[in-house]
Amino acid sequence: MTLKTLGAKAAAALDQELMSTCAFSIDQLMELAGLAVSQAVYRVHPLSRGARVLVACGPGNNGGDGLVAARHLFYYGYKPTIFYPKRSKNDLYQRLAKQLEDLDVPFVDDFQSAMGSTDHIVDAIFGFSFSGEVREPFPAVIRALEKTRLPVTSVDAPSSWDIESGPPSSGLGSSFMPTTLVSLTAPKPLVKHFKGRHFVGGRFVSPSIAKKYDFEVPPYEGVDQVVEIPSGSGKI
């Protein structure tokens, strides 16, 4: 299965249309995205491989997806821990964090130390809108992700990668290759550089919107919110 990719501009326009023409709220889209991520983690890292999951969240929508995924993972029986060093003041993100705090899910300040007591990492730091320089406190996190032997699931894009061209040619992030990628709505052009297990989560996209943006909605089975497709698959 080869799916058409969505570039950064098209992905941003699609998000806006989902929240206008299609009448979704950002809360709904984030909930659906986080649910898809949690299902992908469940697929690649069943509880039998270890229940401890460290979720690294950035300050934007990608981090919000990570917070939602952590909540779902808690209810699946996992033991999530959250690294969320740049908390947004936005009410939505504060509510997502509060929901986890009410479940006694721990928030940690030291990512490196937290890696020593986890079985799986969710990279929800930067999404498709990332460009430019990785700013503090995330360079050390990216370096840790490059070096770790722990399995890593990235949300929509491996953090530090350019949405169009993939990993940096050198320097920070150039050797970061997560074990799993969950593309939200549709794959992005960077997937041609990705070599791990690849899932698409976008079961909420209507056929008319998919046609307008000229991409395929893959066949989801049963109650699944994700579909696994071959790594590196994606056409411009």
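By class, the lining of the largest pocket comprises 16 nonpolar, 9 polar and 4 charged residues; here Ala, Val, Leu, Ile, Met, Phe, Trp, Tyr, Cys and Pro count as nonpolar, Asp, Glu, Lys and Arg as charged, and the others, Gly among them, as polar. The model is predicted: local features need pLDDT of at least 70 and side-chain atom pairs count only at pLDDT 80 or more, whereas totals for chains, interfaces and linings use all residues. Residues are numbered from 1 along each chain as its sequence is written, and side-chain values use heavy atoms, with hydrogens and water left out.

**The largest pocket**

- The largest pocket holds about 570 Å³ of space. Among the 29 residues that line the largest pocket, Asp15, Asn61, Asn62, Asp65 and Phe128 are the closest to its centre.
- A pocket is an open set of points on a 1 Å grid over the protein atoms alone, with protein on both sides within 12 Å along at least five of seven lines; lining residues have an atom within 4 Å of a point. Grid points are joined across faces, edges and corners, and a volume is the space filled by probe spheres set on the points.
- Helix H1 (8–19), helix H2 (26–44) and helix H3 (61–76) each supply at least two residues of this lining. H1 gives the most, with 7 residues.
- Helices (H or I, at least four residues) and strands (E, at least two) are DSSP runs, numbered from the N terminus.

**The largest cavity**

- A search of the whole structure finds 1 cavity of 30 Å³ or more, a cavity being a set of grid points where a 1.4 Å probe fits but cannot get out. The volume of the largest cavity is about 30 Å³.
- Leu32, Ala36, Gly201, Gly202, Arg203, Phe204 and Gln225 line the largest cavity. These lining residues divide into 3 nonpolar, 3 polar and 1 charged.

**Helix H1**

- The 12 residues of H1 should span 16 Å at 1.5 Å a residue, and its end C-alpha atoms are 17 Å apart, which agrees. The expected span of a helix is 1.5 Å times one less than its number of residues.
- Ala11, Leu14, Glu17 and Leu18 are the buried residues of H1. Seen down the axis of H1, they fall within an arc of 125°, so they line one face of the helix.
- Buried means under 20% relative accessible area, exposed over 50%, and partly exposed in between (1.4 Å probe, protein chains only). The arc is that of the directions from the helix axis to the C-beta atoms.
- The face of H1 turned away from its buried side carries the exposed residues Lys9 and Gln16. The buried residues of H1 pack against H2 and helix H7 (207–212), where contact means heavy atoms within 4.5 Å.

**Helix H4**

- Helix H4 (residues 91–102) has 12 residues and reaches 16 Å from its first C-alpha to its last, close to the expected 16 Å.
- The buried residues of H4 are Leu92, Tyr93, Leu96, Ala97 and Leu100. They cover an arc of only 135° around the axis, which puts them on the same side of H4.
- The buried residues of H4 pack against H2, H3, strand E2 (79–83) and strand E3 (107–108).

**Two residues and their contacts**

- Glu31 lies in helix H2 and counts as partly exposed, at 27% relative accessibility. Apart from neighbours within four places in sequence, Glu31 is in contact with Val68, Arg71 and His72.
- Leu184, in strand E6 (residues 180–184), is buried, with a relative accessible area of 10%. Apart from neighbours within four places in sequence, Leu184 is in contact with Ala33, Val37, Asp65, Val155, Asp156 and Gly201.
- The C-alpha atoms of Leu184 and Ala33 are separated by 6.6 Å, although the two are 151 residues apart along the chain.

**Backbone features in loops**

- A cis peptide bond, with omega about 5°, joins Glu136 and Pro137. Pro137 is placed in the loop between strand E4 (120–124) and helix H6 (138–147).
- Ser160 is not a glycine, yet has a positive phi of about 95°. Ser160 is found in the loop between strand E5 (152–155) and E6, and is buried, with a relative accessible area of 7%.
- Asp214, also not a glycine, has a positive phi of about 55°. Asp214 lies in the loop between H7 and strand E8 (227–229).
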